[in-house]
Amino acid sequence: MEAVFITCPYCWQKITLYLETDIGDEAISIVEDCTVCCRPMEIEYKVDTGVIKNLQYKKMDGNN
């Protein structure tokens, strides 16, 4: 598991996400709620040799 620091696309607060890295070398797509405003974010990332690469996140459609 790796901690990553992002800014929520809804409330603009800095939050910490803990993402799995021990799942093999593959692309991951998950939904996580902001720990401040509780709105859902779509998180996509790739794991390469246990390291998170290409982290992208955005608002969920319909949750403005």
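Me: Which residues touch the most other members of the largest nonpolar core?
Reply: I15, L17, L19, M41, I43 and Y45 do, in a core of 14 residues. Keep in mind that this is a predicted model.

Me: Which strands each supply at least two residues of this core?
Reply: β1, β2 and β4 (40-48) each do.

Me: And which one gives the most?
Reply: β4, with 4 residues.

Me: Take Y45. What is Y45 in contact with, leaving aside neighbours within four places in sequence?
Reply: L19, E20, E26, A27, I28, I30, I52, K53, N54 and L55. L19 is also one of the core residues that touch the most other members.

Me: New topic. Where is C8?
Reply: In the loop between β1 (2-7) and β2.

Me: Buried or exposed?
Reply: C8 is buried, because its relative accessible area is 0%, and buried means under 20%.

Me: What does C8 touch, not counting residues up to four places away?
Reply: Q13, C34, C37 and M41. M41 sits 33 residues from C8 along the chain, and their C-alpha atoms are separated by 8.1 Å.

Me: Now T21. Where is that?
Reply: T21 is in the loop between β2 (14-19) and β3 (27-33).

Me: Why does T21 count as buried?
Reply: Because its relative accessibility is 12%, and the cut-off for buried is under 20%.

Me: What does the T21 side chain reach at 3.3 Å?
Reply: The backbone nitrogen of M1.

Me: Which residues does T21 touch, again not counting those up to four places away?
Reply: M1, E2, V47, G50 and I52. I52 is also in contact with Y45.

Note on methods: Residues are numbered from 1 along each chain as its sequence is written. This is a predicted model: local features need pLDDT of at least 70, side-chain atom pairs count only at pLDDT 80 or more; totals for chains, interfaces and linings use all residues. Side-chain values use heavy atoms; hydrogens and water are left out. Buried means under 20% relative accessible area, exposed over 50%, partly exposed in between (1.4 Å probe, protein chains only). A polar contact is a pair of N or O atoms within 3.5 Å; within protein, one must be able to donate a hydrogen and the other to accept it, and residues adjacent in sequence count only if both atoms are side-chain atoms. Contact means heavy atoms within 4.5 Å. A nonpolar core is a set of buried Ala, Val, Leu, Ile, Met, Phe, Trp, Tyr and Cys residues joined through side-chain atoms within 4.5 Å.
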